[in-house]
Amino acid sequence: MRQSNLFTKTRKLAPKDEVSKNAQLLIRAGFIHKEMAGVYSYLPLGRVVLEKIERIVRDEMNKIGGQEIKMATLHPSEPWKQTGAWDNVDVVFKILSRTEKEYTIGQSEEEIATPIAQEYITSYKDLPLALYQIGQKYRDELRAKSGIMRGREFTMKDMYSFHETQEDFDRFYHTAKEAYLRVYERCGLVAKATEASGGAFTTKLSYEFMVLTDAGEDDILYCDKCSYCVNAEISDSKAGGGCTRCNIGSLARAKASEVGNIFDLGTKYAKDFDFTYKNRDGKNVHPIMGCFGIGITRLMGVIVEACSDEKGIVWPKEVSPFAVHLIAITGGNKDIIAEADRLYELLVDNGIDVLFDDRDTRAGEKFADADLIGISTRLIISEKTMTEGSVEMISRVDGVSTMIPDSEVIRRLTD
Ligand code: ATP
Ligand code: MG
């Protein structure tokens, strides 16, 4: 894409009412637009990052056998009353229509996913099943001050799984846990899996995936030697205490943000909807159910919190809005402009995802904008590189610069 065509522009200052770093940087760089507290629109750069995160999540969910669907967002109130959530879950939005009918909009979708599965699962032969979607969620959150990390509207991947036995749920949980850790790693983050208490409707365990960041709302204790990690709120352990798992390390306390979680729902929802299937002995029994969430927009916010410096965002490669930021420093020189145009076409023809700063602006402004936007790899064409028959490649992560002969640019980018 040519930057001269990008309708968004960067801005020097963040809006005064934005206190979180993720919203400040994303607004300044033109990724998002604030509609009200906790509600943002995603502009071209922001939309493309979300799509990249979604692609990673979709890829990993498909690999473990998840089947993607798209559930309704506008829900009748009846299933929500049937499960008790209508009266018991405080973040549920309630809508009254002009004919006095009650509706809600999805804040989680067990109430829709369970009846869908019920229609198709009649025998043990239909199990296990894992359905997932990536879509908008709406919650009447009291405080929404963490930018896109806590929205009243946000994007979530929610998966619902159905199993014959607890063993089968445990097997799937372990597979999903590995897939979750791969998702975070591909997003450039290190997540820790904590053990935490279950949600409102279950006494069973749940697992949270936490990324260490001061912008997070959770406190965790983690072992400095092994992968043990626990939510400080529910734990008897203390910071500085020994790790009870490896017996080697000691526990450190840190702020973290929950970028995903897994709940073992047991038979709660199957019972609410009177959902049974015929087991191997011909008896009608309830399936065991799990739900698996990933906060897609929160993940994007956490990436910005974790991967940024005083100049702007530093996108990890796989979620960078473009693979390459091509910057032409032309000083109005027609030969340099022509060479930059040629290279841009060459990159596009080779399937390389490129943002081309072809604007007629000062070099300083182009570099400052490139730092703020944070595309992981930068290519620069200038008078100096032209005379050398090369292009300068700079990594946004460490600022390391390499001169690359013209003929090798494509190979270096596609390696
Ligand atoms: P939290 O404790 O942070 O409120 P939660 O326990 O309510 O999270 P779930 O209902 O299980 O979370 O949602 C699944 C995932 O969706 C969470 O792990 C988080 O990453 C994300 N998420 C939850 N609430 C929000 C929100 N208001 N804005 C953005 N993402 C959210
Ligand atoms: Mg919540």
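Which residues of H9 are buried? In this predicted model, in which local features need pLDDT of at least 70, side-chain atom pairs count only at pLDDT 80 or more, and totals for chains, interfaces and linings use all residues, side-chain values use heavy atoms, with hydrogens and water left out. Residues are numbered from 1 along each chain as its sequence is written, while chains are lettered from A and ligands numbered from 1 in the order in which they are written.

The buried residues of helix H9 are Ile-336, Glu-339, Ala-340, Leu-343, Tyr-344 and Leu-347, where buried denotes under 20% relative accessible area, exposed over 50%, and partly exposed the range in between (1.4 Å probe, protein chains only). They cover an arc of only 140° around the axis, which puts them on the same side of H9, the arc being that of the directions from the helix axis to the C-beta atoms. Lys-334, Asp-335 and Asp-349, on the other side of H9, are exposed. The buried residues pack against strands E19 (324-328), E20 (354-357), E21 (377-381) and E22 (390-395), and against helices H11 (383-388) and H12 (409-414), a contact being defined by heavy atoms within 4.5 Å.

The end C-alpha atoms of H9 (residues 334-349) lie 22 Å apart, which agrees with the 22 Å that its 16 residues should span at 1.5 Å a residue, the expected span being 1.5 Å times one less than the number of residues. At the start of H9, a side-chain oxygen of Asn-333 comes to within 2.8 Å of the backbone nitrogen of Asp-335, and the helix is followed by Gly-351, whose phi is positive, near 75°.

The protein as a whole has twelve helices and 23 strands, assigned as DSSP runs of H or I with at least four residues and of E with at least two, numbered from the N terminus. Of its 415 residues, 53% count as buried.

Strands E1 (residues 32-36) and E2 (residues 39-42) run antiparallel and are joined by four bridges, pairing of two strands requiring at least two bridges found by DSSP. His-33 has Ser-41 of E2 as its bridge partner, and the hairpin of E1 and E2 has two residues between the strands, with Gly-38 in the turn showing a positive phi of about 85°.

An open sheet of three strands has the order E4-E6-E5, with antiparallel pairing. Strands E4 (74-76) and E5 (95-96) stand at the edges, each with a single partner strand, so one side of each is left without a neighbour in the sheet. Two bridges join E5 to E6 (residues 102-105), and Leu-96 has Glu-102 in E6 as its bridge partner.

Methods
Polar contact = N/O pair within 3.5 Å; in protein donor to acceptor, adjacent residues only side chain to side chain.
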